[in-house]
Protein chains: 2
Amino acid sequence: MSTKPVLHTILSPKLLDIYDVSNSIVVVIDVFRATSTIATALFNGAARVIPVDTVDKCIQIGKNTGGITAGERDGKVIAGLEHGNSPAEYPREFVEGKTLVLTTTNGTKLLHMALQNGASEVITGSFPNLSAVCEHLIESKKNVILGCSAWKDKFNLEDTLFAGAVISRIKEHFTIHCDSSLMAENMYELHKDDLISFIRNTTHWHRLAQYGLEKDLEYCVTPDRANILPFYKNGDLVIKES
Amino acid sequence: MSTKPVLHTILSPKLLDIYDVSNSIVVVIDVFRATSTIATALFNGAARVIPVDTVDKCIQIGKNTGGITAGERDGKVIAGLEHGNSPAEYPREFVEGKTLVLTTTNGTKLLHMALQNGASEVITGSFPNLSAVCEHLIESKKNVILGCSAWKDKFNLEDTLFAGAVISRIKEHFTIHCDSSLMAENMYELHKDDLISFIRNTTHWHRLAQYGLEKDLEYCVTPDRANILPFYKNGDLVIKES
């Protein structure tokens, strides 16, 4: 009998409730751009990232903590917040030692759903920290849910491709019997050598490219440029020490 | 400006509410096996198929109409019904001229959701009637929702592959700007030449194969063996005359 832990992929927050996450590590994936920004800010020395689900909370917690308020709705900076959701906004010279309070359309929402549903651990994943995620999942030997944040609950390709990249690297260590995972891995294998050109066909690319964010998006599909592991603990995302 | 109608793919009934179906043809897809059975029964001369969402309704309507009661839950025949959900159970010599009252786990449920959400037309699609579906969608020049019935709301590959087969044939006639459709077409193109062997990797295949239904499943991924168009009208699925 196999004693490997089980891995599932969830293609939209709307599908999270179908799965039992209570004994699982949930990997929140929001490639464009929340989880790429989280990894980057922490890699560049941010003390912590506080993910919040509303703009009001973002402003309030920013006041209480003296943190930088940041976020987006529909891909744009929100009135009342200081910064946006671009990894390029958080270089070391700006973010080191600081608290970032972040609210985004999709990623923050899924993270809070996973917590409410009783996930035993929540981490965030994106291409900039692909290797750190994979190593942690292999070492933990726990069940895994790869949670795609999607776009307003609609399936998206960029999060699915990241799930596929993870599966492609760690599948020998898990029992995977889930059509979503099989599809995600297929799609990643099909496009891993043309990721940047393929991503230009996706709906989210078109949505963001009109704001002039092409450079951001290329960064967001490049592996291991901010290779740390963001880990949720008492309301904060901080780097998990191995 | 393009005047092509718009096509979307929905990967689970749970995602239907995100889309506006009110001016659209909804294609209900349940490859294993409801929509394959519906096409086959009508192709073999059934007067109509009445899709119902509960076993009680199935038995009641069977009594009222003198119809054959049929259905499955979790892939098995239900106590109290006369027949199952296998296309092989409905040859011409058995089904011709008769009414089939059918309840299934996933397909019937999505069909009723589409009706409740105000779809302007509901048809059913499966590989046995692939060409009939494609020809109708091209001729209609209306917006299209390809609705995958999934498995208890979980994404499945067989319905997605059928959506991809449709998209691959008709895409020049539609505006398609939807990651689900792009993925479905990619997956179909990747596996169209090894469909029967690839399908053996899917979770649903494993679920059904244990009941000895391998022959059924091969039939269900073979195009145009029952090439008519089931069309929902006043509670019945009947053949749409072109």
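**Close-ups of a predicted two-chain model**

View 1. Skip the neighbours within four places in sequence, and A:Val27 is still in contact with A:Ile123, A:Gly125, A:Val133, A:Val144, A:Ile145, A:Leu146 and A:Gly147. This is a predicted model, so keep that in mind for every view here. A:Val27 also shows up in the largest nonpolar core, a set of 157 residues. Together with A:Ala114, A:Val27 has the most contacts inside that core.

**View 2. Strand E1 of chain A, next to strand E8.** What does E1(A) pair with? Look for strand E8 (residues 143-148) of chain A, which runs parallel to E1(A) and is joined to it by 4 bridges.

**View 3. Where chain A meets chain B.** Here 22 residues of chain A are in contact with 22 residues of chain B. Which element of chain A gives the most to this side? That would be helix H7 (residues 179-191), with 7 residues. Sorted by class, the side of chain A that touches chain B has 10 nonpolar, 8 polar and 4 charged residues.

**View 4. Helix H7 of chain A on its own.** H7(A) has 13 residues and reaches 18 Å from its first C-alpha to its last, close to the 18 Å expected at 1.5 Å a residue. The helix is mostly covered, with 10 of its 13 residues buried. The buried ones include A:Asp179, A:Ser180 and A:Ser181, and also A:Leu182, A:Met183 and A:Ala184. A:Glu185, A:Asn186, A:Met187 and A:Tyr188 are on the buried list too.

**View 5. The axis between the two copies.** Rotate chain A by 180°, with 0.0 Å of shift along the axis, and it superposes on chain B with an RMSD of 0.0 Å. That is the relation of a two-fold axis. The same surface serves both copies, as 100% of the contact residues of chain A recur in chain B. Which residue of chain A comes closest to the rotation axis? Find A:Lys14, whose C-alpha sits at 3.4 Å.

View 6. In chain A, the bond joining A:Phe32 and A:Arg33 is cis, with omega at about 5°. A:Arg33 is in the loop between strand E2 (24-29) and helix H1 (34-43) of chain A. Over in chain B, a cis peptide bond joins B:Phe32 and B:Arg33, again with omega at about 5°. Look for B:Arg33 in the loop between strand E2 (24-29) and helix H1 (34-43) of chain B.

View 7. For A:Lys152, phi is near 50°, a positive value in a residue other than glycine. You'll find A:Lys152 in the loop between E8 and helix H6 (157-170) of chain A. Is A:Lys152 buried or partly exposed? With 14 other C-beta atoms within 10 Å, A:Lys152 counts as partly exposed. B:Lys152 also has phi near 50°, and its place is the loop between strand E8 (143-148) and helix H6 (157-170) of chain B. B:Lys152 is partly exposed as well, with 14 other C-beta atoms within 10 Å.

How values were computed. Residues are numbered from 1 along each chain as its sequence is written. Chains are lettered from A and ligands numbered from 1 in the order in which they are written. This is a predicted model: local features need pLDDT of at least 70, side-chain atom pairs count only at pLDDT 80 or more; totals for chains, interfaces and linings use all residues. Two residues are in contact if their C-beta atoms, placed from the backbone, lie within 7 Å. Helices (H or I, at least four residues) and strands (E, at least two) are DSSP runs, numbered from the N terminus. Ala, Val, Leu, Ile, Met, Phe, Trp, Tyr, Cys and Pro count as nonpolar, Asp, Glu, Lys and Arg as charged, and the others, Gly among them, as polar. A nonpolar core is a set of buried Ala, Val, Leu, Ile, Met, Phe, Trp, Tyr and Cys residues joined through C-beta atoms within 7 Å. A residue is buried if 20 or more other C-beta atoms lie within 10 Å of its own, exposed if 12 or fewer, and partly exposed in between; C-beta atoms are placed from the backbone. Two strands pair if DSSP finds at least two bridges between them. Copies are superposed by least squares on the C-alpha atoms of residues with pLDDT of at least 70 in both. The expected span of a helix is 1.5 Å times one less than its number of residues.
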